[in-house]
Amino acid sequence: MKKALIFTCLIILVSTSFAQQTITSATLVDPSYFITHTREELVRKLVDLPCGIKADDPIKTIFQKIETYLINFNPEPEYSDDAFAKAANMQALKSVMEGGYGIGSVLVDQDGKIIAAGHNSQMQKNRSDLHAEMALMTKFENSPRSKKYMIHYVYKPGLTVFSSAEPCPMCFIRISTAGCDTKYCTPGPEDGMVTRVSCLPPSWREMASKQKVEIGDCSPIMQKLSHLLFYSYLLDNRGPY
Ligand SMILES: [Zn+2]
């Protein structure tokens, strides 16, 4: 009886400590969509988008058609994070059009206002650290206006890093260390850290548990675009991998 009581208490404790951290991966798009390994799969998914892309379009034309679609896209009101998803995808597209990897991020304040934006710049700047979230936070923290949102190097509660793709281990730890909440548009079944937070060392896991971490409430088309912009490197095998 005593053992059963202790076990019940432990379960309640564990449930409570993780309750603060809402980690969900629910999406209206079939989860298998978010795995793309070949150029052929990528092109087929790009052609299926409502952007008018044809299989034999040159790469530049594909990106221009996505740009036209995104500029004219009205965030869907039933999805509360669609405006952030559009902004993050615009950043991802910016990187892709520069010859970089297609991931973008925006920093959102407690009133839902976008206060900074950034995109992956690894190839553009020959920097191993400039993933989208890292580029966003480094740029923002180097600006004097960031100080009103921070105490030392930690942000006051209420700021969210909204990324077009599920943050990788490096970026997730950076966001946690800064004390920001994490949201993202498309899940990263093969590279995302958010859904693997239980694999972190205990101290880092505890730090991560202090902020909200969740997939954004985004429309299926924004989720698909986020994924395809990321994997657009398969079009021309850009990058070292
Ligand atoms: Zn990253």
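Two strands pair if DSSP finds at least two bridges between them. Helices (H or I, at least four residues) and strands (E, at least two) are themselves DSSP runs, numbered from the N terminus. Residues are numbered from 1 along each chain, as its sequence is written. The model is predicted: local features need pLDDT of at least 70, side-chain atom pairs count only at pLDDT 80 or more, and totals for chains, interfaces and linings use all residues.

Start with the whole protein chain. It has 10 helices and seven strands. Of its 241 residues, 39% count as buried. A residue is buried if 20 or more other C-beta atoms lie within 10 Å of its own, exposed if 12 or fewer, and partly exposed in between, with C-beta atoms placed from the backbone. Two residues are in contact if their C-beta atoms, so placed, lie within 7 Å. Among contacts between residues at least 6 apart in sequence, 63% join residues at least 24 apart.

Now turn to helix α4, residues 82-97. Its 16 residues should span 22 Å at 1.5 Å a residue, and its end C-alpha atoms are 22 Å apart, which agrees. The expected span is 1.5 Å times one less than the number of residues. In α4, 13 of the 16 residues are buried, so the helix is largely enclosed by the rest of the structure. Just after α4, glycine 99 takes a positive phi of about 95 degrees.

Lysine 94 also lies in α4. This lysine counts as partly exposed because it has 18 C-beta neighbours inside 10 Å. Lysine 94 touches Gly104 and His119, leaving aside residues up to four places away in sequence. Serine 121 is 27 residues from lysine 94 in sequence and 10.0 Å away in space, C-alpha to C-alpha.

Next comes the hairpin. Strand β1 (residues 104-108) and strand β2 (residues 114-119) run antiparallel, joined by five bridges. Five residues separate the two strands, and glycine 112 in the turn has a positive phi of about 80 degrees. Valine 106 has alanine 117 of β2 as its bridge partner.

Valine 106 leads on to the core. Its contacts include Phe84, Ala87, Ala88 and Gln91, as well as Ile114 and Phe162. A nonpolar core is a set of buried Ala, Val, Leu, Ile, Met, Phe, Trp, Tyr and Cys residues joined through C-beta atoms within 7 Å. The largest one holds 53 residues, of which Phe84, Ala88, Val106, Leu107 and Leu136 touch the most other members. Helix α4 gives this core its largest share, eight residues.
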